[in-house]
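Here's a quick briefing to read alongside the model. Have the sequence and the 3D view open as you go.

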Amino acid sequence: MSTLFVALSLYAAVLVVAFGAGLVIERAARAFFRKKAEKTRTDWDDWLATEGFHLVPSLLLAVVATRVLMALRPPSAVVEPLVTTGLQVVLVLAAIRVGVDIGLASLRMRQQRLGHQGVSILRNTLVGVALTVGILVVLDQLGISVAPLLATLGVGALALALALQPTLGNIFAGIQLVAAAQFKVGDFLRVNEAGVEGYVTDIGWRTTTLRTLLDNYVIIPNSQLADSVLTNLHTPDPRVRLSIGVGVHYDTDLEEADRIAREVIREVQNGTEAGVPGFAGHIRWKEFGDSAITFDAILQARKPLDRFDLASAFIKRLHRRYDEAGIEIPYPIRNLYLRTGLEVTGPGSRTTGPEDG
């Protein structure tokens with residue numbers, strides 16, 4: 001028993017020393033890649049200089065050092081299978097770490113190139129699959145048969161699926177939303193049925209999160225989102241058009257009002273950060289209203305959030321220009337006819353006779 005303890009203690013000491021040496025090597029490698037990253041435009045060397053393959057060099061160096069020790073001082077028949085199994089488990093853990101790190105880094109870099117954050121359902125799925133495969137491989141290395149375990153998990157999963165139908169429905173709906181790629185994190189989405197709009201901040205296992213223009217978070221179940229009519233204001237172009245209704249007095253020279261409105265559109269389109277330069281805009285006369293002749297001014301904003309600033313700038317400038325030109329934007333007007341006794345007062349009034357009763 002003492003001989004076994006001494007042998008295991010020796011291997012444990014080698015593992016600790018090799019693991020510590022691996023940490024030192026990892027730190028030196030990160031410093032090297034940090035200097036290289038400053039001179040290149042790729043993202044991979046930046047990743048290697050900060051977080052890539054953390055602890056992997058230590059694990060691999062520990063395995064190599066243990067193998068060298070086994071070659072120089074062959075272990076006993078009792079110790080060898082224990083050490084070999086342990087090294088196999090370490091290699092499996094290192095392989096899982098490498099696979100997960102590369103997968104997560106590739107996903108994050110792709111999301112950054114697209115200009116938005118990652119999707120948690122993709123990260124969680126990748127990590128979950130890697131951990132499941134790793135656990136099964138480790139159990140197999142330890143001599144534990146995974147077939148009965150898989151059969152048990154299958155029966156348990158069926159019962160669990162029946163009990164968690166709404167949750168699983170949201171999970172599969174989330175996977176469907178990601179696979180369909182009709183919207184992504186960073187897009188400005190309008191959920192027509194719910195009357196909610198905002199930027200997509202995350203697509204999770206069960207819910208999708210929108211950040212509204214008031215900086216509130218709206219959390220929508222994935223199944224409800226998958227069944228809703230959605231308007232993606234970021235595709236195919238993040239620029240968005242807006243229509244602003246205006247009314248002028250019936251005595252107004254409509255040609256003059258049209259010319260001034262077009263000039264104001266050009267001013268705000270080219271002179272504000274919210275406007276799209278070069279967009280000429282449109283004026284569409286609409287109807288003879290109760291108190292004014294109305295038209296719609298069509299402008300274009302750089303992105304959905306800019307439409308509010310653009311509308312504000314247009315309304316203020318148009319009001320000032322119309323005021324300078326003597327063009328009236330009338331209040332709502334109603335003509336009232338009041339009947340007092342036998343006399344009706346108002347435009348076109350007349351006096352009623354006895355026959356009018």
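Nine bridges join β6 to strand β8 (residues 293–301), and the two run antiparallel. Two strands pair here if DSSP finds at least two bridges between them; helices (H or I, at least four residues) and strands (E, at least two) are DSSP runs, numbered from the N terminus. Bear in mind that this is a predicted model, where local features need pLDDT of at least 70, side-chain atom pairs count only at pLDDT 80 or more, and totals for chains, interfaces and linings use all residues. Residues are numbered from 1 along each chain as its sequence is written, and side-chain values use heavy atoms, with hydrogens and water left out.

**The sheet**
- Val240 has Ala301 as its bridge partner in β8.
- Three strands make up an open sheet in the order β6-β8-β7, with antiparallel pairing.
- β6 (240–248) and β7 (282–288) sit at the edges with a single partner strand each, so one side of each has no neighbour in the sheet.
- From one strand to the next, the twist averages 25°.

**Helices on the sheet**
- Helix α9 (residues 254–271) packs on the sheet and touches β6, β7 and β8; contact means heavy atoms within 4.5 Å.
- The direction of α9 makes about 140° with that of β7. Axes are lines fitted to C-alpha atoms, for helices over the stretch in contact, and angles run from 0 to 180 degrees between N-to-C directions.
- Helix α10 (residues 306–325) lies across β6 and β8, at about 25° to β6.

**Nonpolar cores**
- The largest nonpolar core has 25 residues, and Phe295, Leu299, Phe314, Leu318 and Tyr322 touch the most other members. Such a core is a set of buried Ala, Val, Leu, Ile, Met, Phe, Trp, Tyr and Cys residues joined through side-chain atoms within 4.5 Å.
- β6, α9, β8 and α10 each supply at least two residues of this core.
- Beyond its neighbours within four places in sequence, Leu299 contacts a list of residues including Val240, Ile244, Ile265, Phe279 and Phe314.
- There's also a second, separate core of eleven residues, with Leu177, Val191, Val200 and Leu210 among them.

**Aromatic pairs**
- The count of aromatic pairs is three. Rings of Phe, Tyr and Trp (its six-membered ring) pair if their centres lie within 6.5 Å; planes under 30 degrees apart count as stacked, over 60 as edge-to-face and the rest as tilted.
- Phe188 and Tyr199 make an edge-to-face pair, because their ring centres are 4.9 Å apart and their planes are at 80°.
- That pair links Phe188 in strand β1 (residues 188–191) with Tyr199 in strand β2 (residues 196–203), eleven residues apart.
- Phe188 is buried at 0% relative accessibility, and Tyr199 is buried at 13%. The cut-offs are under 20% relative accessible area for buried, over 50% for exposed and partly exposed in between (1.4 Å probe, protein chains only).
- Tyr250 and Phe288 are stacked, because their ring centres are 6.1 Å apart and their planes are at 25°.
- Tyr250 lies in the loop between β6 and α9 and Phe288 in β7, so the pair ties together parts 38 residues apart in sequence.
- Tyr250 is partly exposed at 38%, while Phe288 is exposed at 65%.

**Ala18 in α1**
- Ala18 is found in helix α1 (residues 2–37) and counts as buried, with 7% relative accessibility.
- Leaving out neighbours within four places in sequence, Ala18 is in contact with Ser58, Leu61, Ala62 and Ala65.
- The C-alpha atoms of Ala18 and Ala65 are 6.5 Å apart, though the residues are 47 apart along the chain.
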